[in-house]
Amino acid sequence: MYKVVIGLEVHCELKSNSKNFSGAANQYSSDPNTHVATVDLGLPGILPVINEEAVRKSLMIALAMNCEIPSYLIFDRKNYFYPDLPKGYQITQMHHPVGTNGYVMINVDGEDKKVLIHDTHLEEDTASLDHFGNFSLIDYNRCGVPLLETVTEPCLHSAKEAIAFLEALRSIFLYTDTSDARSDMGQMRCDVNVSLMEENAKELGTKVEMKNINSFNNVKLAIEYEIKRQTEILEQGGKILQETRRFDTEDMCTYSMRSKVDAIDYKYFIEPNIPPVKITSKWLEQIKKEIPKLQYERIQEYMTEYGLSRYDATILVKEKSTAEYFEKALQEGGDPKLVANWITSIILGHINKYEISMEEIFVTPKMLIDLIQMVSDGKISSKQGKEVLYQALQEEKEPIKIVEESGMKQIGDDNEILKLCNEVLEEQPQAIEQYKKGRTNILDFLVGQVMKKTKGQANPATTRTTMKEEIERR
Amino acid sequence: MYVDKSIDEIRTSLDNQEVTGKQLFKEAIDKAKEMQPIYNSFVTILDEYQQTKGKTVLNEIPYALKDNFSTKNILTTGSSNILKNYVPVYDATAYRKLKEAGAVLVGKTVLDELAMGGTGTTAHTGIVRNPWDKTRLIGGSSAGSAAAVALGIVPFALGSDTGDSIRKPASFGGVVGFKPTYGRISRYGLFAFASSLDHVGTFTRNVKDTAYVVDVLKGQDEKDMTTLPDDSISYVDMLENEIKGKKLFYIKEACDIENYSDSSDEELLETLKNFHDKLDQLRKIGFEIEGVSIDKNLLNAIYPAYMTISCAEATSNNANLTGIQFGPRGEGKSINDIMFDARTKGFSELIKRRFILGSYILQKENQEKLFLNAGRIRRMIVDKINELFQTYDGMIMPTSGGIAPKFGDKTDQLSDRYLILENHMAIGNFGGFPSITIPSGFVNHMPIGINLTGRVKEDGEVLNMAYKMEEILGMKNIVAKGEKHV
């Protein structure tokens, strides 16, 4: 067995009105070349102008990943020729990135792990190319879109850990509302480095890089394939070549693209057209305040403070809107476990069924708490409560109104129940006899008769106690 | 004839309705066309007059623009085959400002290909000749703009200056050439050569005209992050300020005649004699001028450092010229072959040489030794000059060690004259200092110039000093007669 070492480089497109260095809209469009400015085309004489919003968002991510922030941001040029890069260079950050030496917490199979972040840097996306038989088409809509690249240390040891990190990273983007982070739209893409080493070796093995993998599942498959491929080579006494490989989504295998000797020298140098961007501590403080509580922290809090299981806590924080709904319900005075139960068992089911978001549902946290209260107070049964909630979500009606209008209420009044119990006992004299002979389970039958009369509205617990008392008195 | 006059004179004639903007335009293009067969200053001469509504002193005044400023719907070639049919879709900020001020564009002028070179001989449309002697070059890279102003075709023209590309041809053409502080004028729309050294600047026939034009051009531009905040002062208004007691220095290693005592270079000796004579005259009106010593090793490093930085940046800046987005499409089977072919056909040998140098300089294994060391030298030189600027208000130097060379003249690129006297003006680009060249006399019937460089952001002070000097130097508003085509 070899020890697996994985490092990830994750590209994520940031949300902003305009592109990173031009005034064109940062917007996905199916019409090619509709969001393009002169700067994006690399026309002679153009100059980049940095997008402050993109800088702010990347600082927010860097802070959320506990990174060190430089006092000045500096941009560099990465030079290479390719038709998707009209200027002939990409503006990126080599020497003073927005964040360095950070970490992101993940939990794999119940165990916490710190994933070390080497750096995160702000750059611009390239144009997209569509290749056809003997020609290719270029769409510049994506060209210049702000892109944040996050590079981990080689500190992950399984596909599972890699996926857990990617999910954690995605949640940071979503919680901070800095990106939609949708891999199906190419907004989140990943380069994966995999190497194997002997269990006790001191030095890392030769790494193989796989570029531009566009879904978490493919990351998992690519890692698994690479581990298998490299293990086989090593076991046969072979050597791993340092190279870049391509993951083929047709057959789920990786194929060699270029070896290290063909590695491109990007001739990085400082972008002379962007003066150093000063990051004041005041600005950083302000950004810090805007970072919401993140997924990992919330899971900890739900478990330790509210006593939820990791399973429930994880479900509640999966979407920020769900976590916020849950917390709002607690502010309204809800019991954490009960609220969690109602959300996970009913509301999330509804949302998944109709593929809507938490923000779109009609039932507010306040309404949910009122409903839970009615059940706790015994005004309606919990079975009724569930039905009311389903109905409220479906018909977009307040639960209280549904209860009132349907006349649904639990008969909890002691005199009323006493009267009903005696009615039933009058009607069923033979049941009393049998009870006296020791067939005490006949009590269930008698309680059932009360329920039948009341169409289920009698409080079952009270009915049962009253019935027992009355029968024993006779 | 009006276009060979100063802006003040033309303005008065316009205001007195002796002449119209349209007539001025006609005069300028007629003269441009008349001179074109011999001097070849223009890539494009416009033919339609556009009525203007500017509210500035430049309203209806004709001018020329170097052909590396982006002008919407007007051919802009950078004097390179790779852009020979390129028609921009947007306006450079400098051009837009002149348009808004009412100035009238007459034509686009020839430059050394992509602004790289100092001879005016490498454009895709052929060589530019010196208006004072057609067997001599005018210098570059802003060759056509210098020639057009020297010939009296227009009262002013715009150029760009990366090492001395405005100030050298200005001195060879007997006109005023100015590049302000880095960031004073927006570079948006100027085809980049070496972004950290590139400046937009002007050619005029007197210092006041320079101030008029720069007053219009200067200012912060949201499209150029390196522009300075507005200084909100009129440089024209500063021209008459008192200069008594202003302290200037020259570099002894470059300018002391004793250093060249064994030289047989008569032209150099005469140029230096003119320089020192003029310094004496300037002292008489109140300038305090003295020689200072700077480590010769540092001075000798200016040219190599300049070449290293500029070639490196140029390689990257011109990587957009692939024939994919615009320009002549190359041929080939793969995308790389297509780009390779377009660039092979599109650039001259000289440009390719610079790109290869630049690429070599930026390679990972060479960066530290070449590119980063050049940057350190740049910093050392700038630090030294700034240190001197604590004592002195400016640096005064001969613009060149002599007059414009004849075509084909060979220079010894390792001589002191070449390394220091011919290349010291890159100091102005290294530090982004405002720097102006004004004509100072004739040697062998050819004009020579004096260069004055001042503190960063003190553009007004430099123009003020230059304006006072101009009165003494006696070369104000000179126009080369030029030979008409017969």
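**Conventions**

I am working with a predicted model, in which local features need pLDDT of at least 70 and side-chain atom pairs count only at pLDDT 80 or more, while totals for chains, interfaces and linings use all residues. Residues are numbered from 1 along each chain as its sequence is written, chains are lettered from A and ligands numbered from 1 in the order in which they are written, and side-chain values use heavy atoms, with hydrogens and water left out.

**A cis peptide in chain B**

I then checked omega and found that a cis peptide bond joins B:G140 and B:S141, with omega at about 10°. B:S141 sits in the loop between β5 (133-137) and α4 (143-150) of chain B.

I recorded that chain A is divided into domain 1 (2-284), domain 2 (293-405) and domain 3 (414-473), the bounds coming from an automatic or database domain assignment. Taken over C-alpha atoms, the centres of domain 1 of chain A and domain 3 of chain A are separated by 70 Å.

I followed β14 of chain A into an open sheet of three strands, whose order is β4-β3-β14 with antiparallel pairing; two strands pair if DSSP finds at least two bridges between them. The edge strands are β4 (89-92) and β14 (269-270) of chain A, each pairing on one side only. Strand β3 (residues 76-79) of chain A runs antiparallel to β4(A) and is joined to it by four bridges, and A:K78 stands opposite A:Q90 in β4(A).

I counted 59 salt bridges over all chains, a salt bridge being a side-chain nitrogen of Lys or Arg within 4 Å of a carboxyl oxygen of Asp or Glu. One of these joins the side chains of A:E13 and A:R189, at 3.9 Å from N to O. This pair links distant parts of the chain, with A:E13 in strand β1 (residues 2-13) and A:R189 in strand β10 (residues 188-198) of chain A, 176 residues apart.

**Between the chains**

How many residues does each chain bring to the contact? I found 37 residues from chain B and 30 residues from chain A, with contact meaning heavy atoms within 4.5 Å. The two chains bury about 2,600 Å² between them, 64% of it on carbon and sulfur atoms; buried area is the accessible area (1.4 Å probe) that two parts lose on being put together, summed over both. In chain B, the residues that lose the most area to chain A are B:M225, B:S316 and B:Q325, together 23% of what that side buries.

On the side of chain B that touches chain A, α11 (302-317), α12 (335-346), α13 (349-362) and α14 (364-388) each supply at least two residues, and the largest share, four residues, comes from α14(B).

**Inside chain B**

I noted the division of chain B into domain 1 (7-245 + 397-473), domain 2 (247-298) and domain 3 (300-378). The C-alpha centres of domain 1 and domain 3 of chain B lie 26 Å apart, and 29 residues of domain 1 are in contact with 27 residues of domain 3. The area buried between these two domains of chain B is about 2,400 Å², of which carbon and sulfur atoms give 66%. In domain 1 of chain B, B:I82, B:M116 and B:F430 lose the most area to domain 3, together 31% of what that side buries. I found ten residue pairs in polar contact between domain 1 and domain 3 of chain B, both at pLDDT 80 or more, and zero salt bridges.

Notes: A polar contact is a pair of N or O atoms within 3.5 Å; within protein, one must be able to donate a hydrogen and the other to accept it, and residues adjacent in sequence count only if both atoms are side-chain atoms.
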